[in-house]
Each structure stands twice: as structure tokens, then as C-alpha cells.
Amino acid sequence: MRHLVLAATASILAMTAAQAQVTEEDIANDATITNQIVTNGMGRDLQRYSPLDILNRDTVQHLVPAWAFSLGGEKQRGQETQPLIYDGVMYITGSYSRMYAIDIETGREIWQYDARLPEGILPCCDVINRGAAMWGDLVIFGTLDARLVALDRHTGDTVWNTQIADYRQGYSYTAAPMIVNGLVITGNSGGEFGIVGAVEARDVETGELVWRRPVIEGHMGMLNGEESTMTGELNATWPGDMWQTGGGATWLGGSYDAETDTIIMGTGNPAPWNSWLRNAGEPTEGNAGDNLYAASRLGIDPATGEIRWHFQTTPREGWDFDGVNEVIPFTNAAGEGRLATADRNGFFYVLDRADGSFVDAWPFVQNISWAEGIDDTGRPIYVEDNRPGDPSAAASGDRGESVFAVPSFLGGKNWMPMAYSQNTGLFYVPSNEWGMDIWNEPVTYREGAAYLGSGFTIEPIFEDYIGSLKAIDPDTGEIIWEYRNAAPLWGGVMTTAGGLVFTGTPEGEFIALDDETGEVLWSFQTGSGIVGQPITWEQDGEQYVTVVSGWGGAVPLWGGEVAQRVNYLNQGGTVWTFRLPRELAQLAE
Ligand code: CA
């Protein structure tokens, strides 16, 4: 009899589970629903701010591990994912295009999906993945061979699987997709191979392409199976045929501003890195030679893929200052709608939320060498001597003049997401203080081969630290506090209404800082470097925090002297989930 009752209960539970479907409403309200996380960024504005305050400056000392989950296998390397939480299950992506569903109460695996990757994939910067999207019964992620895969969230079975682009040309995919009004929005990766960046929207139920927007001028867009409009104006800012292999990979997943109904996507370096092949002259006011829309932020209409506005951070880019870093919509202290972004080029920009127009910019790292500042139109005031020299004019004929430029091409800030606190009105920016020797070389395009025309060595600029987490006032650019770290920071940041800022270090420490002072209030050694993105949620009245630990990413591969400085760090691959037990939360009150 007892057995029968249990069976009946189980089938009712199963029915309930089968009915739970991630809706547009769930996605739209992800920033305020505290018992689930169904978007990358903890809301499509990417603020990474939780309204939870069970865990706060007083109680965080009692935060303890609840469970740990190993990604297993010999496949370790960088774990840059942000977990999702829905209906009692955590969904995480792992290195080598893997996905896992984990029971959030016990840490037990429910299913695992391993993408069968072909030989010859061309990921630039480690075999990482940055997370998934959810819709209905689907959990959707991209793979290193530039495919988009939708899995049944209950079973891990493939529902649809479609190609974004041809990996043999150098395309790959590592970002978390984003869902807007039933469309799954993706960009692409591979800007170091002369590919062309594009933003695409697919029907989330079928994977069918709805629109496509290449981000380099001269290329034709698509809408509902037909050509739509040309991006920009052919040869307005690119010479000859260079636009055909013009780069501009988006790398990251973009944000969505519901207030203006705009997708905001960044674009990477114009290809090749050697800027003299794209513009042999000085930067011009007329914008000829700027190489649009590379190294830019684009505001895109989610229904049609049309570009509504653009803001180029580094015209005629020549240091690999990809313009891909996330753009976060927010309301400033005066109640004005704003967008904030911390660019690889070392400047923190504030734009108008309505049309992306320039408001202000300030340096957020020290010793920036390539520009004296940003003028009142938003254009850099270039230091022409800090442009790597023209190899065609060099006496040797094979290498242009080398310069020491700050920041390095890995950026004042790289992909790792900053966070905004609605509590303090500050941005918390994971930055790095480093420079590089960089020079140009002749190069010609070959499909599937690196298309740089540059050489480089990254170097530290300070003896005792590279990483620097900064609290930045978006009204003034003032750095309110700074937390310095020996190794370069490469993990995401999260803020909470409890007055806490969470992030991790390559040395393996998962830390919580006071959002007003930068004081470290709590830390936990995870056993490998943290390059993942933390989350927090509430379950049965208790607050949980999760971060994935596993050192890797671009620094060990491309970091030059910096990579040597941190070559002692161990690889790994563990999901760490922490919990504030109810009785300990009350103790601290
Ligand atoms: Ca790049």
C-alpha cells in the first residue's frame, strides 16, 4: 500500500516537472525571480545583481560548501561557464563542448552530453564554453565546431542541432546564447582567422534561421530566407576587398535592453591585426579608414536584425582591442538611461541608452599608452607613435617597428563579465594591468589559417600584481576601491543586495568582498583557478552560491611572460555549491 502511495506521488511530481516550461516571462524577469536563473548574466541586461540579502556582510562568514561536482575525464582546461538553475536542476557547460544536468539538492549528475567534435577545430583561446540558454523544455548551447545544439532538459537528448558556420574556415562558438521573443540570438567566434562576424536569430523551437546580420560593411543581411539590407556602405571605411575577410567576431553573447527593445552586441578586431593593410594613414574625422563596424558596439532590432546604432570604441584598430565586452543597461543616479562598457582598450565608456550615443569615458587601467584620452565625440585621441609600425616601410622589409603598448591585447578587461550593484550604483570591473611588445608583419589571407600580420609578447607592468577588481562610479569614472591580485583576473563578478561582491581568482580563491570598501569578508580555496561566473539563488528559504573552478582560458596560451609567471597554477574542473544553513543565518542576526 505504501509503495502505491509513493508511486502515485512520484507520478504527480513527474507530471508537475513535465509541465514546468521556461517562458519569455521567466526570462524577462530573471533578474528578480530569486529561486531560478534561466539567463546568462542573471537577467538579459547582464547586471549580475541578485536582490537576495539572506547572505550579507554579517552572515557571509557562515557560508559553507554544500556539494562539489567533478566534470571528470581527462578533459580539464578552462571552465568559464555560468550555471543555470531551473526546476530543481542546475545546467552547466564544460570545456570541450560538454553539458551537464545536476540535481541541485544532492549534486548528483542527472545526465551529461558530450558534443562529438571533429578533428581540426580552430578555437583561438582554449576549449572553453561560457554557458547555455533555456526555453520551454530546451537547454541550448554552442559548440567549438560552430554548431548550436538544443537538448531536452529532462533527458539530455538532442532536439535540434544546426550549424552556425564552417569551423574549417576558423569559426567556433563559445558564448552563451540569448533568447529574445522566441528567437535564439548568437554571434560567432574566430576573429583571428579572417572570418566575418555576424549576429544571427533562429526560431528557438526548430533552429531555423530567421535573420542574419554580418557586422562588417559591404556584407548582405538576411531576413526570412531572403537578402535584407547591406551592412553599412560598401568601401565607405574599408579599402578594396579587405572587408571580405574583415573579422569583427562577436565572441560574446550580447545583452538585451527591454526598455528600448534592442539587442546590444560587441564586435571584435578588424582583420588582420596589421592595421596598415586596412588604413595606411592617420585616423580621419570623416571616418574613411575606420573599418566599420569592427571594434564597435551595435544596437540591433531583434525583429529584423537591422542595425539601429553603432558606437566604435577603437577606429582603425591596430592592437587587437576587440570591442566585444558586454554592455550593461542601467539607470544612473540622476535617473537617466545609460549603457556602460569597459573596453579592452582600457577605457570605461558610458553611452546613452536611447541611441548608443557617447556620454563620457575614463581610463580604468593605468599607463594607457596608445591614446591620450577620449575626445568629446567619443573618438580616441591617438598617440601615433604607439601604433605598431608599417612592415612594408621597414628597412628590413619583414617587420615593422615594435612598440610597447598598454593595455595588452588581452585587454584592460577581457571577456570576464563585470557586475552592477543596484545597491551602490557602482560597477565592479575585473581588470588587468599589463602591456605588450607588438609589431606588424606582412600577411596574406589563407582560409583556415591565422590572419594576424602581427607578433607580440605580453608582459606585466607591475612587480606585485596584474589583476585588479575595481569599483567604478559610472557618473564620474572615479575608482572607489581596488582589490589587487597577483595573477590576472579571468573570472566573472556578481553583486548582491546583501552588500557583497563575489569573484574568483586564478589562484583558486572564491571571494566575497564588501561592496562599499572592497574588504575581503570570506574566501574559499577551490583547488584550481576560477575563470567561471558565479551565481546565487534561493531554495527553501536558504541562499546558495555556485561557481565553477577550473583554470585555463587565453592567459596560459597567449600570455607570454605573464603565462610564465602563472605557470604553476593547476588545472581542474569542479562545480562548487555553497549554502548558508538556516540556523547559521539566524546566529548572525
Ligand atoms: Ca581579437
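Two strands are said to pair if DSSP finds at least two bridges between them; helices (H or I, at least four residues) and strands (E, at least two) are DSSP runs, numbered from the N terminus. The legends below describe a predicted model, in which local features need pLDDT of at least 70 and side-chain atom pairs count only at pLDDT 80 or more, whereas totals for chains, interfaces and linings use all residues. Residues are numbered from 1 along each chain as its sequence is written, and side-chain values use heavy atoms, with hydrogens and water left out.

**Figure 1. The hairpin of strands S38 and S39, and the pairing of S39 with S40 and of S40 with S2**. Strand S38 (residues 535-539) is mostly covered, with four of its five residues buried; buried means under 20% relative accessible area, exposed over 50%, and partly exposed in between (1.4 Å probe, protein chains only). Strand S39 (residues 542-549) also pairs with S40, in the antiparallel sense, over six bridges, and here Val548 faces Val575 in S40. Strand S40 (residues 574-579) is in turn joined by six bridges to strand S2 (residues 64-70), again running antiparallel; Val64 stands opposite Arg579.

**Figure 2. The open sheet that contains strand S1**. Five strands follow the order S1-S34-S35-S36-S37, and their pairing is mixed. Strand S1 (49-50) and strand S37 (520-525) are the edge strands, each pairing on one side only. S1 runs parallel to strand S34 (residues 494-496), to which two bridges join it. Thr495 in S34 is the bridge partner of Tyr49.

**Figure 3. The calcium site**. The protein donors of the calcium ion are Glu192 (OE), Glu192 (OE), Asn269 (OD1), Asp320 (OD), Asp322 (OD) and Asp322 (OD), at 2.2 to 3.2 Å from the ion. Donors are N, O and S atoms within 2.8 Å of the metal (3.2 Å for Na, K and Ca); water is not among the atoms, so sites may look incomplete. The angles among the six donor atoms span 43 to 159°, and the site is irregular. Four donors count as tetrahedral if all angles lie between 85 and 135 degrees; four count as square planar and six as octahedral if opposite donors are over 155 degrees apart and all others between 65 and 115, and anything else is irregular. Along the chain, the donors of the calcium ion follow the spacing E-x76-N-x50-D-x1-D. Glu192, in the loop between strand S12 (183-186) and strand S13 (198-203), and Asp320, in the loop between strand S20 (307-312) and strand S21 (328-331), link distant parts of the chain, 128 residues apart. Glu192 is buried at a relative accessible area of 11%, and Asp320 is buried at 5%.

Figure 4. The structure holds 33 aromatic pairs. Rings of Phe, Tyr and Trp (its six-membered ring) pair if their centres lie within 6.5 Å; planes under 30 degrees apart count as stacked, over 60 as edge-to-face and the rest as tilted. Trp319 and Tyr382 are stacked, because their ring centres lie 6.3 Å apart and their planes are at 15°. Phe321 and Trp370 form a tilted pair, 5.5 Å centre to centre with 55° between the planes. Phe321 is buried at 0% relative accessibility, and Trp370 is buried at 0%.

**Figure 5. Ser275 and two arginines over aromatic rings**. Ser275, in the loop between strand S18 (262-266) and strand S19 (296-300), is buried, with a relative accessible area of 1%. Not counting residues up to four places away in sequence, Ser275 touches Arg316, Glu317, Gly318, Arg387 and Asn440, where contact means heavy atoms within 4.5 Å. Arg316 lies over the face of Tyr382, at 4.8 Å from the ring centre, and Arg387 over the face of Trp276, at 3.6 Å from the ring centre. A charge sits over a ring if NZ of Lys or CZ of Arg is within 6 Å of the ring centre and within 35 degrees of the ring normal.
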